[in-house]
Amino acid sequence: MAEKRDYYEVLGLSKGASADEIKKAYRSLAKKYHPDLNPGNAEAEVKFKEVNEAYEVLSDDTKKAKYDQFGHAGVDPSYGAGAGGGYGGYGDFNVDFGDIFSSFFGGGGRRQNPNAPERGEDLRYNVILNVREAALGCKKTVEYTRREKCSECGGSGAKKGTSPETCSACGGSGQVRRQQNTMFGAFQTVTTCNVCGGTGRVIKTPCDSCRGSGRMSKKIVREVDIPAGIDNGQTLRVERQGNSGLRGGIEGDLLITVSVGRDSFFNRDGNDIICTLPITFIDAALGVTVDVPIIDGGSEKLNIPEGTQNGTVLRMKGKGAVILGSSRRGDQLVNIIVETPKSLNSKQKAILKEFDAITSDKNYEKQKSFHKHRK
């Protein structure tokens, strides 16, 4: 098993990076390596999964704290188990020390029921939205494969008409105890039963459909409501749409991470929508009312006042993205760019020179101020 890279290294950050830095790095890399933008690129797909895994841990304060203290072993129960090192097998470090002492000294430590229901695994899905879909919300059809309870055996894993049997090797406990006599006395060790794998049950006649697993893969096509105001890198949780649980456990969740594509006209900053509007210097000087495209579709009239300068930002109230979880909206910010005419003919140049000749310093306050400071 390949050694996992440090999550901070994956996101190109140093340890101690802020939540904003982590989110910004994730957005950039998720967009760079997204499978939809890199079709057929196996390396990009691997990196995309690696980036998502790193963000899932570092964006969660609890998981991040454990990772900062214990590394991968703090957030991945299986990490290090194959090599016989680390903290593999102790999950989130909720260790029953009674079991540990029992393993060595034969005490009456407690152990969880090996046949207890187990929650199904969460599944991840990535969806690309355009700026409008993310700002105003939409419906998206998602296709994924989940593990569902086998309809043939009802999830038991045993062939129809049979049932799993209590493991004779461990008596149904899922553990095997061994005693060793040493010069210091008798020591007792407890290990997972290798006959039943710790479940306490043995399926002698497996189900033909699921081969004893109790679950089967099924392709799911589902329409999902994407809430208005969701932003790039955010994850939507659809409860109980992940893998089916084991032994009657509840289903996991479907986690849908959003990537917002670029738009040729609209950009987004938080809940505000930004666009750039070029106008002539005549319209800038005299003022004009223009139709400006808005994120809802169509356009709205915008009054550009007389004497508007290049780089002026005008605000269209309530025409931005919906604020997630509310009915309120941000604004649309219109960045005015005054376009200077090119390729003028001789008549046009003459008219402009005549205009310049009758224009005084009071018409150019910024230029006047600049020359004043030069003296």
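**Briefing: one cysteine, a helix pair and some sheets**

Leaving out residues up to four places away in sequence, C150 touches G155, C207, S209, C210, G214, R215 and M216, where a contact means heavy atoms within 4.5 Å. Keep in mind that this is a predicted model, in which local features need pLDDT of at least 70, side-chain atom pairs count only at pLDDT 80 or more, and totals for chains, interfaces and linings use all residues. Residues are numbered from 1 along each chain as its sequence is written, and side-chain values use heavy atoms, with hydrogens and water left out.

**The chain overall**

- The chain has 9 helices and 15 strands; these are DSSP runs, numbered from the N terminus, with helices being H or I of at least four residues and strands being E of at least two.
- Of the chain's 375 residues, 31% count as buried. Here buried means under 20% relative accessible area, exposed means over 50%, and partly exposed is in between, using a 1.4 Å probe and protein chains only.
- Taking contacts between residues at least 6 apart in sequence, 61% join residues at least 24 apart.

**Around C150**

- You'll find C150 in the loop between β2 (138–149) and β3 (165–166).
- C150 is buried, with a relative accessible area of 1%.
- S217 sits 67 residues away from C150 along the chain, and the C-alpha atoms of the two are separated by 8.9 Å.

**The α2/α3 pair**

- Helix α2 (residues 19–33) and helix α3 (residues 42–58) have axes that come within 9 Å and cross at roughly 160 degrees. That makes α2 roughly antiparallel to α3.
- On the terms: axes are lines fitted to C-alpha atoms, for helices over the stretch in contact, and angles run from 0 to 180 degrees between N-to-C directions. Angles under 35 degrees count as roughly parallel, over 145 as roughly antiparallel, 65 to 115 as roughly perpendicular, and the rest as oblique.
- The crossing of α2 and α3 is left-handed, meaning that the near helix is turned anticlockwise from the far one by less than a right angle (clockwise would be right-handed).
- From α2, the residues I22, K23, Y26, L29, A30 and Y33 meet A44, K47, F48, V51, N52, Y55 and L58 of α3. The residues of this contact divide into 10 nonpolar, 1 polar and 2 charged. In that scheme Ala, Val, Leu, Ile, Met, Phe, Trp, Tyr, Cys and Pro are nonpolar, Asp, Glu, Lys and Arg are charged, and the others, Gly among them, are polar.
- E53 also lies in helix α3, and E53 is partly exposed at 29% relative accessible area.
- Setting aside neighbours within four places in sequence, E53 is in contact with K4 and Y7.

**The β1-β9-β8 sheet**

- This open sheet has 3 strands in the order β1-β9-β8, with mixed pairing; two strands pair if DSSP finds at least two bridges between them.
- β1 (123–129) and β8 (235–238) are at the edges with a single partner strand each, so one side of each is left without a neighbour in the sheet.
- Neighbouring strands in this sheet are turned by 25 degrees against each other on average, direction ignored.
- β1 and β9 pair in the parallel sense over 7 bridges, and V127 has V258 in β9 as its bridge partner.
- S259 belongs to strand β9 (residues 254–260), and S259 counts as buried at 7% relative accessibility.
- Apart from neighbours within four places in sequence, S259 contacts H34, V127, I128, L129 and N232.

**The β10-β11-β15-β14 sheet**

- Here 4 strands make an open sheet in the order β10-β11-β15-β14, again with mixed pairing.
- β10 (267–269) and β14 (313–316) are the edge strands, and each pairs on one side only.
- β10 and strand β11 (residues 272–280) run antiparallel and are joined by 3 bridges; D269 has D272 in β11 as its bridge partner.

- Strand β12 (residues 288–293) and strand β13 (residues 299–304) run antiparallel, joined by 6 bridges.
- D291 has K301 in β13 as its bridge partner.
- The two strands β12 and β13 form a hairpin with 5 residues between them, and G297 in the turn has a positive phi of about 105 degrees.
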